[in-house]
Every structure is written in structure tokens, then in C-alpha cells.
Amino acid sequence: MNSSTYPAAQHVMVLYTGGTIGMQASANGLAPASGFEARMREYLNSQPDLVVPQWRFREMSPLIDSANMTPAYWQQLREAVVDAVDVQGCDSVLILHGTDTLAYSAAAMSFQLLGLHARVCFTGSMLPAGVTDSDAWENLGGALVALGQGLAPGVHLYFHGEVLDPTRCAKVRSFGRHPFKRLERQGGGAKATSLPAQLNYKQNKVLAKVAVLPLFPGISAELLDGVVDSGIQGLVLECYGSGTGPSDNPMFLVSLERAREKGVVLVAVTQCHEGGVELDVYEAGSRLRGVGVLSGGGMTREAAFGKLHALLGAGLETAEVRRLLELDLCGELA
């Protein structure tokens, strides 16, 4: 019985990107392989008690190991989702994706698909379909069942019986059936009351250049300069604790200020698994804010990275990007 308050999926588009779920052995180890639609159909036909919505299948090109995922591929995914929903009339999309960068892609698509009324669900597996103790079919079947029972509009991550918010979770294990976990992050932002038209899912986005830089003891201004001078437009700064950094290093602060003056949008997230950024708690944090670093609150690295790509790719003015970064757009700061 469907106990969800959301409509059950009727027509699902399955987008297959590659990943472990459909990999086959090759001379150099497991590699992405075509032909997964037939294997999926054979499995589901062998499970008459598994009630799933009607589905159709599209194999993305190229099929990739998710270690090779790029923001350019995200654009292909967004276009494929828009085509499935607005052209082909699907009410839901299931994306089969490798686990290594699944949390990045699911978070990024949450921002790329703002305003979409359909449901998008990501899943994958830790072991390929068909091998002993594989989790592939249980995740694929479970995701289809979850869509059939009704999910809220927007993007979801399904794994081993759990439906997770992709802007709040990360891959925390390289083994087992529970690689993804919701991070206990704190430090929210006010909900955005309206969104610029450029952020609507129907609007094309250009590729932005965004980087992530973790702080570490002794990090130099020269290293930061090298990252900034590579032409980036946005930088996720992974800070210590509640958002601290080497505030007694004047050259490092000068480099951050120079980055801001060049138009680079700087946002701080915490390296900690729990908690969040509050830049004004310590002097070592308030000095970062003083040179233009924004607070990422409780955002994960994956969410901050995807959010910067969406905001900068939409062509918004820098001031508007900075404003929206500290507002909650789709649960990333809830």
C-alpha cells in the first residue's frame, strides 16, 4: 500500500551512466559495459512479486567509471533529465551511477534541477550486478519501488533501503552496503523566498570553474595563489572546526583578499564530519570573513561544490552569487 503523500511514479526514465552496477571484467579490471538494459529487464522479469512502475531505458554516452565524472557530464545529465520529463513525459528519472562521485553528482543535480516537479533518484552499487553478494539488484529494485510508492519532487539518493537527501550526505565508507551517510551538520541559513529565473532547471548553464582546497598546517599563500591564478571563479575552502584558518599568516589573508578582488567567490565549509561553520566564533574565523570568505554553514563539501557550479554557471552577478550562497535553496542549509 502506498503510504506516501506524494503521487506514485507512473513512467520512469532510467539513465545509465556506467559505474560499478553494470561493470564487466576486462583485461585491466572492472570496466563500464553496455547491455545493462537487457540484464535489468531479465532480473525484473524474474521477480514477479516486485511491483515497479513502467520504465524505459537510456544509455548515456560515454559510459564511465564515476571516478571520471566531470561537471561537463553533469550538463549532459541535466539535459537528459529535462528531455525525459519535458519531452518524453516521464514523471520520474532513475540515474544509475558509480558510488565514488555519486554524492557529488546528486548534490550538483539538486541545484541544476531547481524548480523541477518530477522526481529524480540516484542509485548504484558497491559490487557489480551478478557477482556473489552484490547489492546491485536490491538497490535498483528498491529505488524503483521507492519511486513507485511516491517521493517528493526533487533529487534523492537511494541506497540499501534508505532515501537520503543528497545535499546533506557523503560517501563515508569504501566497503559494505552502507557507503552513504547523512552528515550531522549544523549551521543553517534562511530559506530563499524566491529564485532568479536563471536558476530554473529549464535554463541552460555554462561550465563554471570551481575548486576545493582543504586547509592543512603550514599551508602557504603561494599554494593558494596558484589555485586562484588557475582561472577559477569559485573556491570551496575546507576549514578547520567551526571555520578557522591560518589567521596569523598575513600573506595567506592577503591572498584570500586578492582572490575576492579578482571576483572569485570564496565559501568556507568544515572539515569535521559533524557541526558547521560559524566564522565569528573565533578570531581565526572572523579574519577569514573580514577578507571576503562566506560561511557555508552546515553545507557538505559536495553541496557547496555543486551549488557554486550552479550559481556561477547561471551567469548571475557576483554579488547575487554571494547572497544566494548563504541562503538555503534546496535543503542544503536546512
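Which residues line the second largest cavity? They are Phe-159, His-160, Glu-162, Leu-164, Arg-177, His-178, Pro-179 and Phe-180.

## Basis

The model is predicted, so local features need pLDDT of at least 70 and side-chain atom pairs count only at pLDDT 80 or more, while totals for chains, interfaces and linings use all residues. Residues are numbered from 1 along each chain as its sequence is written, and side-chain values use heavy atoms, with hydrogens and water left out.

## Cavities

A cavity is a set of points on a 1 Å grid over the protein atoms alone where a 1.4 Å probe fits but cannot get out; lining residues have an atom within 4 Å of a point. Points are joined across faces, edges and corners, and a volume is the space filled by probe spheres set on them. The count comes to two cavities of 30 Å³ or more.

The largest cavity has a volume of about 60 Å³. Its lining consists of Pro-71, Trp-74, Gln-75, Gln-112, Lys-205, Val-206, Leu-207, Ala-208 and His-309. Helix α2 supplies the largest share, three residues; helices (H or I, at least four residues) and strands (E, at least two) are DSSP runs numbered from the N terminus. By class, this lining has five nonpolar, three polar and one charged, where Ala, Val, Leu, Ile, Met, Phe, Trp, Tyr, Cys and Pro count as nonpolar, Asp, Glu, Lys and Arg as charged, and the others, Gly among them, as polar. The second largest cavity holds about 30 Å³, and its lining divides into four nonpolar, two polar and two charged residues.

## Pockets

A pocket is an open set of grid points with protein on both sides within 12 Å along at least five of seven lines. The largest pocket has a volume of about 290 Å³. It is lined by 14 residues, of which Ser-110, Pro-153, Gly-154, Val-155 and Cys-330 are the closest to its centre. Strand β7 (residues 154–159) gives the largest share of this lining, three residues. The lining comprises eight nonpolar, five polar and one charged.

The second largest pocket contains about 180 Å³ of space. Among its 13 lining residues, Ala-170, Leu-183, Arg-185, His-273 and Arg-301 are the closest to the centre. Two or more residues come from each of β9 (169–171) and α8 (301–313). Here the lining has four nonpolar, four polar and five charged residues.

## Nonpolar cores

A nonpolar core is a set of buried Ala, Val, Leu, Ile, Met, Phe, Trp, Tyr and Cys residues joined through side-chain atoms within 4.5 Å; buried means under 20% relative accessible area, exposed over 50%, and partly exposed in between (1.4 Å probe, protein chains only). In the largest core, of 61 residues, Leu-15, Val-81, Val-93, Val-120 and Leu-308 touch the most other members. Helix α2 (residues 71–87) gives the most to this core, with eight residues.

Leaving aside neighbours within four places in sequence, Leu-15 has contacts (heavy atoms within 4.5 Å) that include Arg-58, Met-60, Leu-77, Val-81 and Val-93. Another core, of 25 residues, lies apart from the largest one and includes Tyr-16, Ile-21, Ala-143 and Leu-151.

## Cysteines

There are zero disulfides, a disulfide being a pair of cysteine sulfur atoms within 2.5 Å. For Cys-121, the nearest cysteine sulfur, that of Cys-169, is 11 Å away. Cys-121 counts as buried, at 1% relative accessibility.

The sulfur of Cys-330 is too far for a bond, because the closest cysteine sulfur, in Cys-169, is 12 Å from it. Cys-330 counts as partly exposed, at 23% relative accessibility.
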